[in-house]
Amino acid sequence: MNLMEPFAARLSTLDCAAMYGDDFFLTWDKTDDELAALFTVADALRCLRENNISARVFDSGLAVSLFRDNSTRTRFSFASACNLLGLEVQDLDESKSQIAHGETVRETANMISFMADVIGIRDDMYIGKGHAYQKAVSDAVRQGHQAGILEQVPTLVNLQCDIDHPTQCCADLLHMIHTFGGVENLRGKKVAMTWAYSPSYGKPLSVPQGVIGLFTRFGMDVVLAHPEGYDVFPQVEELAAKQAAASGGSFTKVDTMDEAFRDADVVYPKSWAPFAAMEQRTELYAQGDTAGIAALETQLLAQNARHTDWECDERRMALTRNGKALYLHCLPADITGVSCQQGEVAASVFDRYRTSLYRQVSFKPYIIAAMIFLSKIKDPAAALQALEQRGAARKTF
Amino acid sequence: MNLMEPFAARLSTLDCAAMYGDDFFLTWDKTDDELAALFTVADALRCLRENNISARVFDSGLAVSLFRDNSTRTRFSFASACNLLGLEVQDLDESKSQIAHGETVRETANMISFMADVIGIRDDMYIGKGHAYQKAVSDAVRQGHQAGILEQVPTLVNLQCDIDHPTQCCADLLHMIHTFGGVENLRGKKVAMTWAYSPSYGKPLSVPQGVIGLFTRFGMDVVLAHPEGYDVFPQVEELAAKQAAASGGSFTKVDTMDEAFRDADVVYPKSWAPFAAMEQRTELYAQGDTAGIAALETQLLAQNARHTDWECDERRMALTRNGKALYLHCLPADITGVSCQQGEVAASVFDRYRTSLYRQVSFKPYIIAAMIFLSKIKDPAAALQALEQRGAARKTF
Amino acid sequence: MNLMEPFAARLSTLDCAAMYGDDFFLTWDKTDDELAALFTVADALRCLRENNISARVFDSGLAVSLFRDNSTRTRFSFASACNLLGLEVQDLDESKSQIAHGETVRETANMISFMADVIGIRDDMYIGKGHAYQKAVSDAVRQGHQAGILEQVPTLVNLQCDIDHPTQCCADLLHMIHTFGGVENLRGKKVAMTWAYSPSYGKPLSVPQGVIGLFTRFGMDVVLAHPEGYDVFPQVEELAAKQAAASGGSFTKVDTMDEAFRDADVVYPKSWAPFAAMEQRTELYAQGDTAGIAALETQLLAQNARHTDWECDERRMALTRNGKALYLHCLPADITGVSCQQGEVAASVFDRYRTSLYRQVSFKPYIIAAMIFLSKIKDPAAALQALEQRGAARKTF
C-alpha cells in the first residue's frame, strides 16, 4: 500500500518552496500553487491519521497560543494540529503573565519563543490592530533568531485577525472541495456570502472578508449581500473583484438575501459588525471612552434590530439550487428559538446541515497542521512518503 | 524477568472484551470480570512504571478534561494517567471558551474531540445532571464518529458525577485489596460507610453512593449510617442490597456511627448533603432562585450543626476491630482543629492514617490509566507483555 | 563530529555526584564544582538543540509548576526546559484546585506528584515564606516516596523565592561567561548591583540577593549600592563578603549609583523593596490588615519617590569601563518614558542593550534544563555523549 503516493505526486507539480520558513497571515499572501499544496498536505495528514500512521515530525518543541478572544473550536483545532506533529501547546495567558505596562511586542515575542516552533494568535477585536500585532511578533522573532537569542524561528499562524480568518476559510474551502468532489468542480458554482441578523453586536469581519478573499480564486460566482451600512473592508472587496476576474469567476454585490440565495450552490449567512463602526469602536477603546463604547453598542444593536428579517430560513433555502445549497457557518451560529429568540438561521435548516457543519470544522486541525508542516518541512512530498515508510503507529497495539 | 506474566495470566481468565471501545460511567455497568481486569491492569501499569518501563501506547493524541467543579487530586491523577499512556491533556475551560448560549452538547462534544482519545468529565454538583451530561457527550461523539467528523471515538471517563465516583471508589477498593493482601480477603470484612459532620454544605453524594455500589460486590458486610434526613439516592441503596446478597455479603443501615464502627475492619466517615436537599438545590439553580438557594444553604448548615457529634474520633476508632480499622477518606478531609473547628475526623486519627490515605489516592492515576487502556487496547494481556518486551525506558540513562 | 566530547571532558573533572537526586533551592547550597557542572550541562544542552539533536531523556513524565506570582519569562523558560527533556508541564492553578482551608503542604505536595519528575515553584512575595514553603514541599515528597506513595522523588526547582532567584542569576552568570569569553575572564571584573527607582512598590529582593550571593564566588569585585533604608537580607550580605574573600574578589557597599558605576564592567541596576518593609508587609498580610498594607504601600511609594534620581542613564553609563559596561536586567525593566514616566533605565540605554538582554534571558531554559538533568541523570557526561550517539533528530525531515 502506498497511501502517500498520490499526495506526493500532486505536491511535486506545485511550487510551494516559498512556504518553507514562512508565516501564514492572509490567504491572499499565498499563490494558487501554495494553496493547492496546503489542501493536499491537509488531506494527506488526515489520511495518515485515519490509517493510524504517526505524522509526528517533532520529537519535542512548543507551540505557543495566544487567544485575545474566546475560542473553543480554534483552540482545540490548534491543540490537535500541534499534537499531531509532536508539539506541546503552551498557552500565553496574558492575565497570568508578567507583561509590564508598555512592554514591547518585541520583548514579549522573544520571551515566549525560546523553544517555540509555532506561535498561533487570535486577535480579531480591533480594526487595524490584529494583523499588525501578528506582523510585529513575526518581525520580532526573526530579529531574535538573527541575534542568536532564538535557536529557531517560530512560524506564525494567524488564528483570526481583524482582516482574515485563514484557518477557518481554508477549512471551509476544503470542505467544499470534498463535498463537490474536487476543486475543479467549484468552478461556476454560485456562493452567497450574506449578512444575517444576530442579537449580539460586534462580531468580527474576518470571516466574510476571508471568504470573499479566498473563494473568488476558484472560478466561483461569489455574491456578497448585506443591509446598507454593513460594508466590509473595501480593500478586500477590491481584491475579491480582481481575483474573481483572474480566476474566471465573478464577484458581485446585491442588496437582499433573497437575491443572493437564488440558485446558489453554497450559502454562508453570518452576522458581522459594520466596518466603520468597528473602526469607531477601536478608537473609543484606545481613548478608554467607556461611555462612548456603551452608546455605540446601543446604536449598533438598534441598527441590527432593523434587519431581523435577514435570516436563513426554509423559504430562502428553497430559493437555492434545487433547494439544496450547501449551508456553511463557522459556528457557533445564532439559531432562532434555540440560542436566541431570533437569529441567523432557522432551527430546522441548522438541524438538517448539522453533520455537514461539524465536518466543515473538522478540516480545521488538518489545515493548521498543514500550515505548520509546509513551513517547517523543506521537502513535504518526500516527508509524507517517509512518514508512511517509517510506519510508526499513532496508537500501538 | 517476566514482570507482566502473572498479570497477563490473570487477564486471560477474565472476560473483559466488552470494555474495548466502551466508556466508564458507573462501576455497576461493569461485570465482576471487568472490574477484576481493571484492578489487574492498574497493578500491571504501576509495576511497569516502578520498573522504569514505558507504558506509552500513544505516540500522539489528546485527552480532554472538563472540570465543572474544583479538583486537585483527580486533575493530577487524570494528567498522570494520560501522560503515562502518551496522551496530552487539553483542558476545556468553559470560561475561556466560545460556547454560545444554547449551544448543544452535541456541538461542543464534537468540537473538542477532533483528535481526542479520551474525555474526562467531573460534573457532580446537580442531581440528575452530571451523569446525563456525560451520557450526552458520549452519544454525541459516537454519532460524530459515524458521520465521519471524528477519526476516533474518545472514551468517556467519569471523573465524578452526581451518581458515582468510579475512579475514586475503584482506587479505594484497590487500596483495600493491597492492604488486606488480596481481593479474596475482603470477603466477610465489615465496612462502615458513615456520614460525618462538616461545617460546609452541599458535598456530593457520589462517594457514599459509589462506595456502597461497589464494595457490596466483594462479599463484604457493608453498613451505611447517617443521621435522619441524610439519605442517599434510593436506587443505589436497592442496588447495594441486591449485590450484597449475590456476593455473599450484606448491606445494612444503622442509625449511629457507634453501631457502624463496632468491629468494623474498614471505616469511611465522610460528610455529604441530603439527597432530597440536593434535588431541591438543583431545581432552585435551574430557576435561578438565588434567595431560595441562600435559604436552603442556611437551613442545611443548621441541620448539619445538629450532628457535630458525628466525628471519627479516637473513642469511636477504639470500637473497631482491635481498634485498628482501616480508615478511608477521599480527601480533602475536614480535620477538627486543623482545617476547621469541628470536622469529620479528629486530628490524631487523621495523622495516624496519613500515609495510608495518601497511598489510597495514589492508586487513582493507575485506575484511570487502566480504564483508558482497557477501552483502547483490544488485547490488553498481549499488550502488557509486548510493552515489557519492547522495554522502552521511561527515563533513559 | 563529536560535539559532546569537550562538555563531557569538562564534566569528568568536576565532582557533581551530590546533585543527583537533589533539589535546587539556593546557589550557595552548591559547591563551585556543582555550579561549573551546571553551566557546562546548560551549554551542552544548547549545543545539542542547535544541532537538532534530541535531548529527550524522558519518554513520559510530568513537570508541575506552581506560580504564586505572575510570570512570563520564567513560565516559558520552565516549559521550554521540561519539553526539551520530554516532560509535560501540568500547572497547579491554586484558584481552580480543591485545596482545603488548612490542607497541609504535605498533602498537596503528594497529591500533585503522582507522576511528577519535577516541581517548579515561584513563591517570592513574603519574607520568610517562599523558601520555607519550597523546603516543606521537598520534605513532603521525599517522605511520600519513602512511604511508597510516589514512585519517584520529584526534583524541586526554585523558580524564585524570597531569598534567591537561582534560575535567573545562573542565566545572568552564564551570559557573562559567554560575553567575556570564559569563566576565568570574570576574575577581577567589577560588577555594580545597584538599586534603581521604580514607580511600583514591593519588588522582590531575590534578584539583588541572588546576584551578590552568586557573583562573589567568581573572583569579581561586587559592589552593592542602594539608598538608605533599602538593605537586603543581612545574612546574604555576610555570605557575599565571605565568598568574595574566598574567591579572591571583593564585596563592598557604596552609597551612590555613580560610585558603583565608576569603572564597572557590569552593571545591574534594578528596583527592589526594603527588606524591613517586606518583613512588615508579610506580617500585615498574615494579620489580614488591609488598611495597614495600604498605608505601608503609600509610605513605600513616597519613600521610593525620594530616589527618582537612581536611574541608569547615559551619564552614568559613561562612568563605566570605557563607557561600555555590560548592562544586565532580569526584565521586565521600568524604562523611562516607555513603560513609565520615570523608571530604572533611560530608553536609549535600554535600547542599546536590548539584544544582549534578550540573550541573557535565553540562557534560562538551559539553566533549568541543566538543573533537572543533573538531578535526574546519574552520569551526565556519559548521558550527553549517549544522546549525541543516539542521534535522534528533534525535528525529522
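To count as a salt bridge, a side-chain nitrogen of Lys or Arg must be within 4 Å of a carboxyl oxygen of Asp or Glu.

Keep in mind that this is a predicted model, where local features need pLDDT of at least 70, side-chain atom pairs count only at pLDDT 80 or more, and totals for chains, interfaces and linings use all residues. Residues are numbered from 1 along each chain as its sequence is written, chains are lettered from A and ligands numbered from 1 in the order in which they are written, and side-chain values use heavy atoms, leaving out hydrogens and water.

## Salt bridges elsewhere

Over all chains, a search of the whole structure turns up 57 salt bridges. Glu151(A) sits in the loop between H5 and E4 of chain A while Arg46(C) is in helix H2 of chain C, so that pair joins two chains. The element names come from DSSP runs, numbered from the N terminus: helices are H or I with at least four residues, strands are E with at least two.

Arg394(A) and Asp117(B) make another salt bridge, with the closest N and O atoms 2.8 Å apart. This pair also crosses between chains, from the segment after helix H16 (380-390) of chain A to strand E3 (residues 116-123) of chain B. Arg394(A) counts as buried at 6% relative accessibility, and Asp117(B) is buried at 2%. Then there's Asp32(B) with Arg217(B), a salt bridge at 2.9 Å, N to O. Here the partners belong to distant parts of the chain, 185 residues apart. Asp32(B) is exposed at 52% relative accessibility, whereas Arg217(B) is buried at 12%.

## Where chain C meets chain A

Now for the interface itself: 39 residues of chain C are in contact (heavy atoms within 4.5 Å) with 41 residues of chain A. Together they bury about 3800 Å², and carbon and sulfur atoms give 53% of that. Buried area is the accessible area (1.4 Å probe) that two parts lose on being put together, summed over both. On the chain C side, Phe76(C), Tyr358(C) and Phe397(C) lose the most area to chain A, together 20% of what that side buries.

There are four salt bridges between chain C and chain A. H3(C) gives the most to the side of chain C that touches chain A, with eight residues.

## Where chain B meets chain C

On to the next pair of chains: 39 residues of chain B touch 42 residues of chain C. These two chains bury about 3800 Å² between them, 53% of it on carbon and sulfur atoms. Four salt bridges are found across this interface. One of them pairs Glu107(C) with Arg73(B), the closest N and O atoms being 3.0 Å apart.

## Inside chain A

Strand E4 (residues 155-161) of chain A is mostly covered, with seven of its seven residues buried. Strand E3 (residues 116-123) of chain A pairs with E4(A) in the parallel sense over five bridges; pairing requires that DSSP finds at least two bridges between two strands. Across this pairing, Ile121(A) stands opposite Asn158(A) in E4(A).

Key
Buried < 20%, exposed > 50% of the residue type's maximum accessible area, 1.4 Å probe, protein only.
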